[in-house]
Structure formats: structure tokens, C-alpha cells
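This report describes a predicted model.

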Amino acid sequence: MFELNDKVALVTGSARGLGQAIAIKLAEAGADLALCDLKAEWVEETAEKVKALGQRAECYGVNVADGESVATGIKAIEKDFGKIDVLVNNAGITKDGLMMRMSEDDWDAVLNVNLKGTFLCTKAAMRGMMKQRSGTIVNIASVIGLMGNAGQANYAASKGGVIAFSKTVAKELSSRNVRCNAVAPGFIRTAMTDALDEDVQNKMKELIPLSRFGEPEDVANVVLFLASDASAYVTGQVISTCGGMVM
Ligand SMILES: NC(=O)c1ccc[n+]([C@@H]2O[C@H](COP(=O)([O-])OP(=O)(O)OC[C@H]3O[C@@H](n4cnc5c(N)ncnc54)[C@H](O)[C@@H]3O)[C@@H](O)[C@H]2O)c1
């Protein structure tokens, strides 16, 4: 059920962190990987890991916030692999600050990558999926898009937008057998959360019923479920992967 043999998966922002963990998880399930990040060479490490699992991996430099870059990238991927079965919109950034101090540039930058990037990649990849009458799109949102967070108005708005966008895409594409779901991670152990001081980390853990930060693999497991036929009857849903922080 959790297998992706003969499937082609595209993961944006897959140079490191969650994107790399997701790419490896999908490769372990048998998928070939189109790996994208701002520069093609940034995904070479991930590509080596995918190839070590016996799967094909190709690297692409794509700026998800730029329509031309996305169109060129998706065209190249479809030419190289012949199709895209799974799209994981993972690329994302933060530019935190309280509303009083948040600049228009910081607002635009976060919305452009997180929300517009998800729109552009989905629009470019969905044509092929609709034609082949199959495909799954998994958008990486955040619990912050469900609950808000002081200092993250831009990020919260972008991830809330990703959730609403996912539901709409699910409704528009379901008649072509293309599914679209969102994953909302909580605090996941990455370079970002490791950098927080111990006091802050302990305070955060008090908010998590399972009393630990998530691992990138915890998120990757849920993405694999949503990418595979194990979730054939699941579309338009948001699965929080947050140790119970949001219920
Ligand atoms: N780490 C967490 O705790 C956490 C929690 C909730 C949601 N998320 C979401 O998960 C996703 C991955 O987060 P992460 O922690 O692995 O972050 P990260 O910063 O480690 O990785 C993000 C990747 O996206 C790439 N990227 C940034 N802008 C891009 C662009 N314009 N075009 C293409 N690639 C671009 C970066 O180069 C990087 O490789 C993001 O969407 C983030 O919002 C993370």
C-alpha cells in the first residue's frame, strides 16, 4: 500500500531539512525523484542519498516564487522523466517580526515563496496529472497556519492560505483523479529548532502532549501516506503532524 514503484515524485526545497527527509522517504518506497531547490547543486547531496537507494534522481535549480523558473523547471522534469505522479510543495521560508515592525518586503517575500510558489508549482504540474488521470499533490503547511503565532503574521497567513488553496485544488481536480492534501507540521527538529536555547525548547515542549519535537521522518511518513494509494480516498484534508499540539 505504501509503495511508489514506477512513480515520479517532485519535491521542492529538497536540499535539506524536511524536503530532504521527504525525498529519501519517497525513494525508499520506490519513487524516482526530481529534486528542486534554488540552485541545482544544492540538491546534489540529496540526489546521492536517493541514488544509494537504487532510485533515479535528477537535480534542478528552480525558484518556486518565479513563474518562468517554475515553468522551465517543470517542462524539463516532464521531458526527463516523462511524467510527474507526486508533487510535494515543501519549499518555504520565514521572515519573522512583530506586526509593528514587519516590512512590506518581508510580507511579500514570505507570501511569494510559501503561497505563490505552491500555486505556481501546482498549476504547472497539474496539467500532466489531469491528462494522465492520476496524481497526488502534498502541500507542506504548518500548525501556525491553523493557530496563528505572534511574530509570524506573514508566515501564518501564507500557511493558512496554503491550507485553503489545498482544499480548493482538491475540489477542482478530484474529477480527474488528482488528490491534494496538506500536512501541518508542528515543531520539527531541524537546524532551525536546534538553534533555539534550551529554556525556549523546554517551554515549547510543554505545549506538546507527546512531549518531544517531531523528527523530519515523522513528517515524511505522513507525506508518504498521502502520496501513496494507502490514502486513495483522502483528499482536501489537513493532517497535523505536531505531537498533538493542535487538536
Ligand atoms: N521545521 C519545522 O519545524 C517546520 C514546521 C512547520 C512547517 N515547516 C515547513 O516545512 C517546509 C520545510 O521546512 P524546513 O524546516 O525543512 O526548512 P529549511 O529552511 O531547512 O528548508 C527549506 C528549503 O527550501 C528552499 N527554498 C527556499 N526558498 C526557495 C525558493 N524560492 N525556491 C526553491 N526553494 C526554496 C531552501 O533553499 C531550503 O533548501 C517549509 O515549507 C516550512 O515552512 C517546517
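Helices here are DSSP runs of H or I with at least four residues, numbered from the N terminus.

## Ligand shell

The ligand is surrounded by 27 residues, and the closest are Gly13, Gly17, Ala91, Gly92 and Ile188. By class, this shell comprises 14 nonpolar, 11 polar and two charged residues.

Three helices, H1 (17-28), H4 and H7 (191-194), each contribute at least two residues to the shell. The largest share, three residues, is supplied by H1.

## The sheet

An open sheet is built from seven strands with parallel pairing, in the order S3-S2-S1-S4-S5-S6-S7. Its edges are strand S3 (57-61) and strand S7 (238-241), each of which pairs on one side only. On average, neighbouring strands of the sheet are turned by 20° against each other, direction ignored.

Strand S4 (residues 86-89) and strand S5 (residues 135-140) run parallel and are joined by four bridges. Asn89 has Asn139 in S5 as its bridge partner. Helix H1 packs on the sheet, where it touches strand S1 (8-12), strand S2 (32-37), S4 and S5. The direction of H1 makes about 170° with that of S1.

## Packing of H3 and H4

Helix H3 (residues 67-81) packs with helix H4 (residues 104-132) at an angle of about 30°, and their axes are 9 Å apart. Angles under 35 degrees count as roughly parallel; H3 and H4 are therefore roughly parallel to each other. Their crossing is right-handed.

On the H3 side, Gly67, Val70, Ala71, Ile74 and Glu78 meet Leu120, Cys121, Ala124, Ala125 and Gly128 of H4. Seven nonpolar, two polar and one charged residues make up this contact by class.

Notes
Residues are numbered from 1 along each chain as its sequence is written. This is a predicted model: local features need pLDDT of at least 70, side-chain atom pairs count only at pLDDT 80 or more; totals for chains, interfaces and linings use all residues. Axes are lines fitted to C-alpha atoms, for helices over the stretch in contact, and angles run from 0 to 180 degrees between N-to-C directions. Angles under 35 degrees count as roughly parallel, over 145 as roughly antiparallel, 65 to 115 as roughly perpendicular and the rest as oblique. A crossing is left-handed if the near helix is turned anticlockwise from the far one by less than a right angle, and right-handed if clockwise. Two residues are in contact if their C-beta atoms, placed from the backbone, lie within 7 Å. Ala, Val, Leu, Ile, Met, Phe, Trp, Tyr, Cys and Pro count as nonpolar, Asp, Glu, Lys and Arg as charged, and the others, Gly among them, as polar. A residue is near a molecule or strand if its C-beta atom, placed from the backbone, lies within 6 Å of it. Two strands pair if DSSP finds at least two bridges between them.
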